[in-house]
Amino acid sequence: MQAGKETHQFKTEVQQLLNLIINSLYSNKDIFLRELISNASDAVDKLRFRSQTDPEILGDDTEFKIRIAVDPEARTLTVSDNGIGMTREEVMDNIGTIAKSGTAAFLEALDKVREQNALAPELIGQFGVGFYSAFIVAEQVTLITRAAGSDTAVRWTSRGDGAFTVEAAEKPERGTDVILKLKPKEESDNDYTEEWVVRDIVRKHSDFVAYLITMMVERDEPIPEQEQIKDKDGKPIGGTTRKVRVEETLNSMKAIWAKNKNDVSTEEYNEFYKHLSHDWNDPLAHLHVKLEGVTEYSALLYVPAKAPFDLFFPERKHGIQLYCKRVFIMDDCRELVPEYLRFIKGVVDAPDLNLNVSREILQQDRLVRNIRKNLVKKVLDLLKGLDDTRYDTFYQEFGPVLKEGLHSDWENKDRLAELIQFKTTRSQDKFVRLKDYVANMKPDQEEIYYITGENLTMLMNSPHLEALKAKEFEVLLMTDPVDEWVVQSLTEYDGKKLKSAEKGDLKLGEGDDEKTDVFNALFGRIKSHLASHVKDVRASSHLKASVACLSGDAQDMSAYMEKLLKASGGHVPDTKRILELNTAHPVIEKINTVFEKDPNDPILADYGRLLLDMAIISEGGKIDDPSRFNQMVGNLMNEALGK
């Protein structure tokens, strides 16, 4: 039994999006048609993929086509396809809501758009909700769809005013019709019921779509001689032509990746990217290659200008589509690029592949492995060739993802090492590549120093860096969580070892062993008081101005790594660290004086705990007993001010 008509409310975030579209895109109205055609093309792609393993699903309808129909009197425009279609459940899941996994990210992005007074295309492109662009030009949108293999159809209708209805419908064939009841035409608008307007939009934005895009158009047809009505002198009455309606193909269907790259304009490349990705921004760069020989394939790959909102979601799709002789095989082809290049979008056409290839076979296919190997090298070369401005734009969006490759792609580790970059203690908030860091190293500097953490300002002012700054040694400031894995894999660069600025002895050659020996007994006593918190108390090789900091041995886990693992839910035993004290600081000298007078003075335990708390706070940590710390500082201030 079919369900009756139901009325539902849009989710809050969708209604916000609709308001943004309707109010912000008045100057970009034409793109609604591109989005609807792209959706129709995707639906046919999915059916074509399904038919590789289930040919019967096509029935007698084997000619894939996207149809556009206009009705000037009713002011409607309809985009129809004979693709995969949708069930009632799929309509409810896909239209009227945004995937739950992306809702929070979407709302956050929406707030940023409001703050920046930006236009909506970027947002819509990132969230893949181009269907809603229909409301730019339509006062009502009706969708009638029937899933392949189903006997029932469903109608979805909305005026974009906060609600939509869903009900059973009649539709003789599979596929989807999107019917737009157009708004009254304004003076500056195109009339989307005019054939030439539709034709121009399709040729501009969707000429390369792989399926026929057709429209019934009016044409003059010659009237056969025997059918002409003539006067007594034999002259035709009413002319020799008549108006007829014929189906016209609007797109060339030329696979852009199969063309010579010299024959493709920048505008064509950009439009194909937008069709492929549903991103309304132009790409940052593209790679168009055609390889012939033992391994034969064509590829057109793009580097987006903006990261999608779901870049770090485990369930997100990759952006590579696989074709064989221009026949679509599958999307989300993870076998063609590694996980750390998952932001790349594009098409790969491998004519020697089997049309019925499965994902399991792809993983073992030698041809696919060769294509993957070549593409990775070419993409990394493309990134390396970007000018500084474009590369910085890319790195701001995708740097953390690219760095994942250093831990997973040993074959290309050297190439990746040339591409990664970091802000430093001397870069004034600009990124620095490792090659430039090495070129700027001081003559007496032997190692590449780095420090990891979640806050750039805190790292910049970390007490661990005081001795390095005093020698004018530059330090890499690593603030991405993935950097903890980067330094495990990239242990040296250009013959220079990477060394943590917060672990181990920096060995800067400035220690005063004789002076340090004076404090050994004091350090031993402080260590006995803090035995449950630290594993040692030592003279610091890091500090110049601060009195205390916490460090680790060279092989220890960093404090940031420990924090990351605990945040991910893993069981991580607490690691005791080393309390480093600045033997040149007057506070340490005065505490030592107290110790020399009476090694058993109970105030030494308080001073030791206070030094530990100060070290924890200086690196952004949380102390165990803030109230105790507050009282001790207050008492010390009182004593100092009372003198």
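Phe 64 and Tyr 211 are both buried in this predicted model. Their ring centres lie 6.0 Å apart with the planes at 70°, so this is an edge-to-face pair. Phe 64 belongs to the loop between H2 and strand S2 (65–71), while Tyr 211 is in the loop between helix H6 (195–205) and strand S8 (212–222), so the pair ties together parts 147 residues apart in sequence.

Then there's Phe 519 with Phe 523, a stacked pair at 6.0 Å centre to centre and 20° between the planes. Phe 519 is buried at 3% relative accessibility, and Phe 523 is buried at 4%. In total, the model has 20 aromatic pairs.

One aromatic cluster is made up of Phe 343, Tyr 391, Phe 394, Tyr 395, Phe 398 and Phe 431.

| Charged residue | Ring | Distance to ring centre |
|---|---|---|
| Lys 423 | Phe 431 | 5.4 Å |
| Arg 433 | Tyr 391 | 4.1 Å |

Now for the sheet. Six strands form an open, mixed sheet, running S16-S15-S18-S17-S20-S19. S17 (residues 448–452) runs parallel to S18 (residues 475–478), with four bridges between them, and Ile 451 stands opposite Leu 477 of S18.

Finally, have a look at Arg 34 in helix H2 (residues 31–53). Leaving aside residues up to four places away in sequence, Arg 34 touches His 205, Ser 206, Glu 271, Lys 274 and Trp 280.

Terms used: Residues numbered from 1 in each chain as written. Predicted model: local features only at pLDDT ≥ 70, side-chain atom pairs only at ≥ 80, totals over all residues. Heavy atoms only, no water. Pairing = 2+ DSSP bridges. Helix = DSSP H or I, 4+ residues; strand = E, 2+ residues; numbered from the N terminus. Contact = heavy atoms within 4.5 Å. Phe/Tyr/Trp six-rings, centres within 6.5 Å; stacked < 30°, edge-to-face > 60°. Buried < 20%, exposed > 50% of the residue type's maximum accessible area, 1.4 Å probe, protein only. Lys NZ or Arg CZ within 6 Å of the ring centre and 35° of its normal.
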